[in-house]
Amino acid sequence: MAPDLLGPTLALSGILFSIGVLGALLRRNAIILFMCVELMLNAVNLAFVVFARYYGFGGHVLVFFVMTVAAAEAAVGLAIMLALFRHNQTLDLQDINLLHG
Amino acid sequence: MSPGAGVPLWLLLLFPLAGFIINTAIAFTRPSWKGLVSLVGPGAVLAAFAVAVAGFLQLQAPGAPDELTIHLWKWIEAGDLKIDIAFRLDHLSSLMTLVVTGVGGLIHLFSIGYMKSDDGYARYFAYLNLFIVFMLVLVLGSSMPVMFIGWEGVGLCSYLLIGFWYGVQANADAGKKAFIMNRIGDFGFLMAMFLTWHGLGTVDFAEIAEKSSQLVTNGPLVTAIALFIALGCAGKSAQIPLYTWLPDAMAGPTPVSALIHAATMVTAGVYLVVRSNGIFAHAPTASLVVAAIGAATALFAGTIGLRQNDIKKVLAFSTVSQLGLMFLAVGSGAYVAGIFHLVTHAFFKAVLFLGAGSVIHAMHHAYHSTHSHADAQDMRNMGGLRRWMPWTSALMWIATLAIAGIPVFAGFFSKDEILASVFSRGAGQAVFYLFWGLASLTSLLTAIYMGRLMAMTFMGQNRTGEAEQAALHEAPWVMTGPLAVLGLLSLAGGLINLPHFAGGHAWLEHWLEPVLKPSHELVQLTMPEGSTEFALIGFAVLVGVVGLVWGVRAVQRASIATPEHAAPETGFARVLTGQYFIDAIYDRFIVRPVHWFARTVLWKTIDQWLVDGVAVMGSARLLQGFGWLGSRFQTGQLGLYLLLFVAGAVWVLGVVLQ
């Protein structure tokens with residue numbers, strides 16, 4: 001029987017998620033922000049996987065869903081960024097404020 | 001016999017209504033088709049007259065029911081309140097339909113000549129036909145709301161016809177004045193209707209008459225109803241304090257003055273009081289008020305009539321005065337005498353107005369021929385017209401003798417009956433002796449101003465002008481013809497209620513008995529008999545003769561200057577010429593304060609400042625402020641949004657986990 005890794009794994013997941021959140025809040029580059037979002041998604045995936053190991057298979061299913069959505073999101077998001085860069089010649093989020101009131 | 005069988009009563013309304021629709025169509029599309037209008041307009045009313053006669057004959061037949069009612073359709077049904085569009089032909093309304101369509105038809109015929117060269121010929125007849133429709137709805141309506149349709153409708157037609165020549169500001173103003181004055185009266189009618197429903201639980205005239213016996217005599221409810229009805233009638237029938245619209249209403253074409261403002265519409269108030277006799281019989285105090293208003297109006301308007309120079313103004317104040325006499329009659333409980341005078345007045349006042357119309361027509365042509373701008377209605381410009389207009393002069397003399405109360409003529413019998421009835425009430429309440437005195441004085445004034453009118457118009461030297469005299473002429477037969485018929489009625493109209501002393505059977509009194517049943521027990525007039533009766537009659541005749549002679553002689557003795565040479569009036573004569581300056585007083589104390597209130601308080605303060613400024617713009621500004629605050633968060637910076645999102649998520653998480 002492998003050692004009980006539930007606690008450490010959840011802690012890792014939490015650390016990864018927090019790094020993602022902080023990165024999303026603090027960085028200005030849209031690509032980095034995008035990567036931070038991916039990091040948050042994968043941190044959640046890690047939590048699902050470790051829960052699945054101890055409490056049943058439901059977590060695995062959700063992980064596949066998240067991966068699918070993340071793939072779709074990556075495709076759409078990168079396309080948007082491409083268009084944004086063509087338009088603005090920059091991906092600095094502070095220079096992109098078309099929605100200000 | 002089932003009710004409504006026999007004469008198709010709805011035809012009575014349908015004919016003039018069809019006339020109105022056809023004439024309106026012509027007025028809009030082919031206004032020059034005057035021939036067709038001359039056929040349709042009077043034809044529709046004369047056809048209605050034929051139906052009215054048929055209806056009358058059916059009621060008059062032996063064994064006939066007292067009334068015929070037709071229910072056309074349901075109008076209002078709400079809880080206990082059920083109102084049908086229903087019309088009732090009873091003895092009173094049958095008489096009124098005869099007067100309205102008969103006199104109305106003759107006036108339509110007269111109008112063919114009078115309005116011949118007017119551009120609005122088709123429009124004129126459309127209005128006139130519509131008036132007949134509404135007047136018939138008014139007299140035939142079986143309940144107060146249905147009558148109210150007619151009541152408002154005739155007011156509308158009156159407004160349209162007073163302002164018929166709306167190109168002149170004064171005419172349009174006169175129309176508005178009539179309408180607004182009548183609205184005040186309509187308030188009274190409406191209140192009376194609501195109170196009747198509240199107190200008796202019905203607004204149907206027949207049921208009101210039936211249930212009126214439950215009323216507490218002189219109780220607050222019945223007194224309030226009667227006084228509100230009296231207010232409505234004071235508006236429609238031009239009584240103090242709402243009479244000032246009627247003299248101004250003379251701005252309309254003269255046949256309109258004859259039809260609406262003398263013979264029919266203005267008598268609607270008298271009709272309504274008689275129709276509600278069950279209520280008035282239970283309200284002696286309110287009846288006394290009606291009688292007092294009538295007596296005061298009769299005398300007041302009579303004095304004004306003495307010093308008017310516009311021929312139509314004299315007749316207008318004469319009408320107000322005569323309506324006052326009718327009010328005095330119905331207020332004294334002499335309902336038959338009131339209706340009798342209503343009918344005879346319709347005849348002789350129609351003659352006087354139409355005769356005046358012929359005179360104005362001739363004068364207008366005379367001045368038109370020389371392009372003079374002199375006033376064709378000012379009696380100071382007339383004089384000696386008998387030479388050119390023998391027929392008009394003779395017929396107007398008949399009507400003058402009738403209104404002055406000279407025996408044999410129609411007005412003698414009706415006015416005498418009013419005077420006798422009022423006098424007979426004096427035995428119970430001494431104040432009626434005073435009313436009788438006022439009415440007798442009014443008779444004297446009536447005779448004086450009528451003598452003056454006739455002398456100034458038809459007698460003595462002509463003052464129209466040398467060049468103009470050549471164009472003076474008698475009116476065409478289409479105008480004198482109806483005048484002659486009405487003149488005959490003014491002569492013989494007294495026959496409908498010929499008193500016993502003259503060998504008659506007081507037909508009208510018996511005819512109206514079913515209608516007056518509700519008040520029969522309560523109002524018992526003990527008419528003077530024997531020597532008292534003849535003394536009263538002798539006095540009334542003496543008053544009439546003296547007045548006429550006085551009026552004629554006063555004109556003959558004085559030399560009358562044409563308006564441009566006339567010296568300004570002085571003293572009391574100036575007050576009378578100025579109609580006691582009532583218009584100015586109303587203007588100063590009612591119209592202008594209302595204007596001020598409407599402008600400063602209602603418009604500038606309440607509407608512009610409170611509603612527009614504070615309420616409408618204020619709420620918009622407030623929301624705009626909130627919007628501005630909210631928009632400060634919309635920086636477009638994704639970082640801020642994210643931060644708020646995370647903060648929100650942490651907060652929600654904190655709440656959930658707690």
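None of the 20 residues of helix 26 of chain B is buried (20 or more other C-beta atoms within 10 Å of a residue's own, with C-beta atoms placed from the backbone), so this helix lies largely in the open. The model is predicted: local features need pLDDT of at least 70 and side-chain atom pairs count only at pLDDT 80 or more, while totals for chains, interfaces and linings use all residues. Residues are numbered from 1 along each chain as its sequence is written, and chains are lettered from A and ligands numbered from 1 in the order in which they are written.

Helix 26 of chain B covers residues 638-657 and reaches 28 Å from its first C-alpha to its last. Helices are DSSP runs of H or I with at least four residues, and strands are runs of E with at least two, numbered from the N terminus. Contact between the chains, defined by C-beta atoms placed from the backbone and lying within 7 Å, involves 10 residues of chain B and 10 residues of chain A. Helix 26 of chain B supplies five residues, the largest share of the side of chain B that touches chain A.

Chain A itself has three helices and zero strands. Its C-alpha atoms fill a box of roughly 55 × 25 × 25 Å along the principal axes. Buried residues make up 8% of the 101 residues in chain A.

Val351(B) is among the residues with the most contacts inside the largest nonpolar core, which has 212 residues; such a core is a set of buried Ala, Val, Leu, Ile, Met, Phe, Trp, Tyr and Cys residues joined through C-beta atoms within 7 Å. Helix 15 (residues 335-369) of chain B gives the most to this core, with 22 residues.

Key:
The expected span of a helix is 1.5 Å times one less than its number of residues. A residue is buried if 20 or more other C-beta atoms lie within 10 Å of its own, exposed if 12 or fewer, and partly exposed in between; C-beta atoms are placed from the backbone. Two residues are in contact if their C-beta atoms, placed from the backbone, lie within 7 Å.
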